[in-house]
Amino acid sequence: MLTPDGLGLGPLALSWASLTLLLGVLTWTALARWPGAGVALGVSLLAARLWAAAPGLASSRPLLDNVLDVLDPRRGDWAWGAGLTAGVLFLACSGRQTLRRAVRPLLLSVLAGALPLLLRPAPSAVQVTAAPLPGLSADRTFLPAPLPRPTVLNFWATWCGPCRSELPLLAHEQQRGGAVTLVNVGESPAQVQGFLRSSAPGLRTRTGGDALAAQLRVTAFPTTVVLGPQGQVLARHLGPLSAAQLRRLVRLAGASATQGSEAP
């Protein structure tokens, strides 16, 4: 099933970025059969990840989080331009003959990776009109309140492993004052609060987000959606976020607020 965030395969979901990666890698692997082709692929992928993740890497974060931002293909996004450039430079350094052999596999890999752009449904002009949602932290509960706008909405569940892995990052951004709103889906407030007490004491989240998730066609977790000042969807991402990507989404939400205030 095609969704705004990717391809649903039963209980599994592949984001559009993951589909691009998968199709491109499979095509290159099938066509590029000479020694060193795999190394060129590795150089390209590493460059694409480093370029995308580098702005979020910091010595103040746990080393494992920095490593996962680069190596976990589900986290964050990819700098495809930087990756292709690094791969072509590596092939050029390997010799003119190698570069000539790589032209056809490279072009076909790029075309295969671009196929998800044709499959991806056109963005719908959804404007969120959610009812006020209650909130809670590890030791407090809050009365239902409207969602802040603009904001970065993160839909999550306690049973979702990728959701749990990014909670420290989201909690840190909340504590910095970033416009990040977590929305739990499908679980009772008591269940969520018990989880927060044991695993994420610094986090604040809304609960009862089932109707909102359905309105935004959220089908897998974690899904992050950037809402503009009028409740319009500005961006969305399926899968855990890297620190660099979260900062970009928070900046996007902030920029939309500035543009909205300047509109006549």
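Me: Helices are DSSP runs of H or I with at least four residues, strands are DSSP runs of E with at least two, and both are numbered from the N terminus. With that in hand, where is Pro222 found?

Reply: Pro222 is in the loop between helix H8, residues 210-215, and strand S9, residues 223-227. This is a predicted model, so local features need pLDDT of at least 70 and side-chain atom pairs count only at pLDDT 80 or more, while totals for chains, interfaces and linings use all residues. Residues are numbered from 1 along each chain as its sequence is written, and side-chain values use heavy atoms, with hydrogens and water left out.

Me: What makes the bond between Phe221 and Pro222 worth a look?

Reply: That peptide bond is cis, and its omega is about -10 degrees. Another cis bond runs from Arg149 to Pro150, with omega near -5 degrees. Pro150 has its place in the loop between strand S5 (141-145) and strand S6 (151-156).

Me: Why is Arg217 called partly exposed?

Reply: Check the cut-offs: buried means under 20% relative accessible area, exposed means over 50%, and partly exposed is in between (1.4 Å probe, protein chains only). Arg217 has 42% relative accessibility, so it counts as partly exposed.

Me: And how do you know whether Arg101 is buried, exposed or partly exposed?

Reply: Arg101 comes in at 44%, so it counts as partly exposed too. Arg101 sits in helix H5, residues 96-119.

Me: What about Leu9: where does it sit, and why does it get its label?

Reply: Leu9 belongs to strand S2, residues 6-9. Leu9 and Trp80 are 71 residues apart in sequence, and their C-alpha atoms are 25 Å apart in space.

Me: Okay, why is Thr20 called buried?

Reply: Thr20 has 18% relative accessibility, so it counts as buried. You'll find Thr20 in helix H1, residues 16-31.

Me: Which residues is Thr20 in contact with, neighbours within four places in sequence aside?

Reply: Contact means heavy atoms within 4.5 Å. For Thr20, that gives Trp80, Gly113 and Pro116.

Me: What makes Leu19 count as buried?

Reply: Leu19 has 10% relative accessibility, so it counts as buried. Leu19 lies in helix H1 as well. Leaving aside neighbours within four places, Leu19 is in contact with Leu7, Leu14 and Pro116. The C-alpha atoms of Leu19 and Gly6, 13 residues apart along the chain, are separated by 7.9 Å.

Me: Is Val180 buried or exposed, and how do you know?

Reply: Val180 has 7% relative accessibility, so it counts as buried. Val180 is in strand S7, residues 180-184. With neighbours within four places left out, its contacts include Thr151, Val152, Leu170 and Val250.

Me: Now the whole chain: how many helices and strands does it have, and how much of it is buried?

Reply: The chain has nine helices and 10 strands. Of its 264 residues, 43% count as buried. Take contacts between residues at least 6 apart in sequence: 70% of them join residues at least 24 apart.

Me: How do you know what the radius of gyration says about the chain?

Reply: The radius is taken over C-alpha atoms, and the globule rule is 2.2 Å times the number of residues to the power 0.38. For 264 residues, a compact globule would have a radius near 18 Å; the chain has 20 Å, which agrees. Along the principal axes, its C-alpha atoms fill a box of roughly 70 × 40 × 40 Å.

Me: Where does the UniProt record place the feature "transmembrane region"?

Reply: The unreviewed UniProt entry puts it at residues 12-31, 38-58 and 78-95. UniProt positions are in the numbering used here, feature names are shortened, and annotations may be inferred rather than shown by experiment. In the model, residues 12-31 are 80% helix and 20% strand, with end C-alpha atoms 28 Å apart. Residues 78-95 are 78% helix and 0% strand, and their end C-alpha atoms are 27 Å apart.
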